[in-house]
Amino acid sequence: FSEPWSEAISLEDQARVLEARRRHLSGETSHYEAELQVRRPSGEIFWAHDKGRVVAWDAKGRPTRMMGATSDITSRKEGAQALLDSRLRLEQVLEVGNMAVWDWDLASGKLTINRNFCRLLGRDLAELENLGEKWLDYVHPEDSDKLRSAVANLAEGRENTSTLEYRLKSNNGEYLWFYSTLTAIGHNGQGRPAHIIGGPVY
């Protein structure tokens with residue numbers, strides 16, 4: 001970095017970015033890459049994605065020239081922050097309303113649930129989220145087939161929503177009744193949904 005460029009890096013990012021550059025210049029990494037906040041001459045702060053590598057060395061093997069590119073990623077960063085803020089607000093609304101919600105990523109199998117759902121079942125968040133598709137094992141045997149059928153129809157794109165009642169096993173062994181609307185959302189590029197979300201009411 002030239003001195004003006006180094007001085008333009010935000011104080012909170014300087015140590016991390018300069019260390020990434022040092023590691024590359026010393027041959028520890030194949031290239032240098034970092035996301036950082038940079039101050040323009042006007043004083044405005046923007047997010048940048050910086051990537052480069054050494055392209056020339058002197059007779060003693062010391063780097064003499066480095067080439068790379070810097071791109072403005074402010075919009076992406078602000079979009080990600082806006083999404084995070086939105087999710088936090090939604091979680092607060094669900095918390096205040098004592099609403100239970102789960103989101104099943106069909107591609108990865110990851111199950112995301114909120115704390116209200118955990119409290120209703122008396123189970124830990126990590127326990128439920130690590131179940132993936134096996135969360136269906138908590139369904140009462142008499143309700144399992146209809147729930148699995150509803151989920152399959154949504155996952156295959158045959159239906160967009162499905163409303164049904166079913167029982168889930170709580171931590172103390174008791175089965176609790178839930179009334180839930182399941183909804184298929186997103187698109188995986190093959191005409192099928194990416195997620196199924198449910199809002200069970202106890």
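Colleague: In what order do the elements of the protein chain run from the N terminus on?

Modeller: This is a predicted model, where local features need pLDDT of at least 70, side-chain atom pairs count only at pLDDT 80 or more, and totals for chains, interfaces and linings use all residues. Residues are numbered from 1 along each chain as its sequence is written, and side-chain values use heavy atoms, with hydrogens and water left out. Helices (H or I, at least four residues) and strands (E, at least two) are DSSP runs, numbered from the N terminus. There are six helices and eight strands in the protein chain, and the order is α-α-β-β-β-α-β-β-α-α-α-β-β-β.

Colleague: What share of the 202 residues is buried?

Modeller: Buried means under 20% relative accessible area, exposed over 50% and partly exposed in between, with a 1.4 Å probe and protein chains only. By that cut-off, the buried share of the 202 residues is 31%.

Colleague: How much space lies in the largest cavity?

Modeller: On a 1 Å grid over the protein atoms alone, a cavity is a set of points where a 1.4 Å probe fits but cannot get out; lining residues have an atom within 4 Å of a point. Grid points are joined across faces, edges and corners, and a volume is the space filled by probe spheres set on the points. The count comes to one cavity of 30 Å³ or more, and its space is about 80 Å³.

Colleague: Why is the pair of Trp104 and Trp135 edge-to-face?

Modeller: Rings of Phe, Tyr and Trp (its six-membered ring) pair if their centres lie within 6.5 Å, and planes under 30 degrees apart count as stacked, over 60 as edge-to-face and the rest as tilted. The whole structure has four aromatic pairs. In this one the ring centres of Trp104 and Trp135 are 6.2 Å apart and the planes are at 90°, so it counts as edge-to-face.

Colleague: How many residues apart in sequence are the parts tied together by that pair?

Modeller: Trp104 sits in strand β4 (residues 102-105) and Trp135 in the loop between α5 (125-129) and α6 (141-155), so the parts they tie together are 31 residues apart in sequence.  Trp104 is buried at 6% relative accessibility, and Trp135 is buried at 5%.

Colleague: Which residues is His140 in contact with, leaving aside its neighbours within four places in sequence?

Modeller: His140 is in the loop between α5 and α6, and its 15% relative accessibility counts as buried. Contact means heavy atoms within 4.5 Å. With those neighbours left aside, the contacts of His140 are Arg167 and Tyr175.

Conventions
On a 1 Å grid over the protein atoms alone, a cavity is a set of points where a 1.4 Å probe fits but cannot get out, and a pocket is an open set with protein on both sides within 12 Å along at least five of seven lines; lining residues have an atom within 4 Å of a point.
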